[in-house]
Amino acid sequence: MKKAFLTLAFLTSSIFATQYQIQEVNMPFGDVGVKMPIKLDVGFGSGAFYDKKSDSLYVITDRGANIDCDDTKKILGKKLCKKGKIFPFPKFTPTIYKLNLLNNKFEVTKQIPLRTKSKALVSGISNPQTEISYDLDLNELDYDVNGIDSEAISMDKDGKFYIADEYGPSIFITNSIGEIQERWVPNGVGKSLFKADYDIVENIPAKLRNRQLNRGFEAVAISPDSTTLYTMLQSPYKDEISSKKVPLLLFDIKTKKLIKQLYYPLDNANSFIKDNAKKKRKQNDVKVSEMSMLENGDLIVLERINKTTKFYKVDVKNAKDESVLKKELIFNTDSVKNFPSKIEALGVVSDTQWILINDNDFGINGEKTQIIRLNLR
């Protein structure tokens with residue numbers, strides 16, 4: 001891996017004094033041999049979890065490099081398909097990386113590729129009843145019941161990983177070496193995954209099957225005592241977009257049962273200033289891409305479009321079942337100039353020290369992975 005570059009900037013926001021430090025990371029992935037070769041970088045900014053025991057940051061990739069059919073002309077120079085995704089590297093394995101701060105730079109100290117219960121590597125290829133997938137030669141790829149679109153990660157006190165999946169929506173649970181032990185899915189989904197190489201637990205309300213396509217779970221957190229799991233859809237249900245309410249679920253980890261369901265209220269799309277600078281954005285452009293838990297049990301929720309990212313604190317401990325949460329703005333990137341876009345990963349070191357990472361989509365559009373150390377004062 002190429003050594004990272006550091007840029008230090010001190011800025012004052014409208015909310016409070018903010019210091020941030022950016023480290024650009026380049027992890028070469030390979031070239032795609034088409035008319036216009038694309039140099040890819042491994043993108044590990046889909047989710048993050050800071051582990052205080054080891055002073056390490058665990059991060060995770062998503063399903064891998066993919067190109068929406070609508071974008072093939074812009075990226076590859078030719079319109080290749082009408083609907084679905086092209087996977088340049090169909091055998092890519094979603095992977096967890098352990099990062100340590102060494103010599104004032106983050107460095108990868110461990111790679112943990114995800115595997116099934118029988119230790120076979122998993123792919124990021126679409127699950128049944130989701131999106132059509134193709135390789136670069138436009139061969140339609142078979143649906144993969146073991147495929148995962150990993151978008152967030154948390155870890156309990158025993159070292160187990162809990163991974164939010166955007167396909168399902170679902171939660172994958174692995175051991176400390178990335179072997180999937182079970183997958184929590186909505187009621188009624190198990191029959192389409194009967195060949196999966198891990199245990200299926202149908203404990204998520206069936207209504208979550210009504211999520212928008214490719215808008216499943218993109219946020220997960222574990223309580224400090226490892227008894228409760230929190231997860232949230234990326235957007236409102238597909239027939240409730242105007243409500244701006246996103247379902248947030250709390251599960252008892254031991255019993256695997258739903259404790260209660262709450263609703264997180266999204267901001268109006270026009271309040272994302274940088275995103276609206278060139279064109280008016282739609283309400284459905286607003287999404288939840290991450291959340292992390294503070295020591296006191298409050299959640300920090302990452303709400304964004306692309307250029308504008310907002311971080312809100314919510315109290316879930318005292319909220320009643322089916323209630324709409326109240327939220328408190330902690331940080332808004334609109335208050336800082338030249339802040340990176342598409343922030344999707346958040347690791348909370350302390351209430352005032354956070355680590356943020358953008359999702360560079362494996363460099364499909366030439367973006368680099370950037371790790372931001374943020375000090376809130």
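The views below come from a predicted model.

**View 1. Lining of the second largest pocket.** Other elements giving two or more residues include β12 (150-155), β17 (217-222), β21 (287-293) and β25 (343-348). β5 itself spans 47-51.

**View 2. Centre of the second largest pocket.** The volume here is about 530 Å³. The lining has 27 residues, and F49, Y50, M155, P224 and E295 lie nearest the centre. By class, the lining counts 15 nonpolar, five polar and seven charged residues.

**View 3. The largest pocket.** This pocket has a volume of about 1,600 Å³. It is lined by 47 residues, with D71, K287, K342, D361 and N365 closest to its centre. Charged residues number 28 in the lining, alongside ten polar and nine nonpolar ones. β7 (67-68) and α1 (72-76) each supply at least two lining residues.

**View 4. The largest nonpolar core.** This core holds 42 residues. I171, L229, Y230, Y264 and L299 have the most contacts inside it.

**View 5. Surroundings of L229.** Leaving aside residues up to four places away in sequence, L229 touches Y162, I171, W184, V220, A221 and I222 among others. Its partners also include L249, L250, F251 and I253. Both L229 and I171 are among the residues with the most contacts inside the largest nonpolar core.

Conventions
Residues are numbered from 1 along each chain as its sequence is written. This is a predicted model: local features need pLDDT of at least 70, side-chain atom pairs count only at pLDDT 80 or more; totals for chains, interfaces and linings use all residues. Side-chain values use heavy atoms; hydrogens and water are left out. A nonpolar core is a set of buried Ala, Val, Leu, Ile, Met, Phe, Trp, Tyr and Cys residues joined through side-chain atoms within 4.5 Å. Buried means under 20% relative accessible area, exposed over 50%, partly exposed in between (1.4 Å probe, protein chains only). Contact means heavy atoms within 4.5 Å. On a 1 Å grid over the protein atoms alone, a cavity is a set of points where a 1.4 Å probe fits but cannot get out, and a pocket is an open set with protein on both sides within 12 Å along at least five of seven lines; lining residues have an atom within 4 Å of a point. Grid points are joined across faces, edges and corners, and a volume is the space filled by probe spheres set on the points. Helices (H or I, at least four residues) and strands (E, at least two) are DSSP runs, numbered from the N terminus. Ala, Val, Leu, Ile, Met, Phe, Trp, Tyr, Cys and Pro count as nonpolar, Asp, Glu, Lys and Arg as charged, and the others, Gly among them, as polar.
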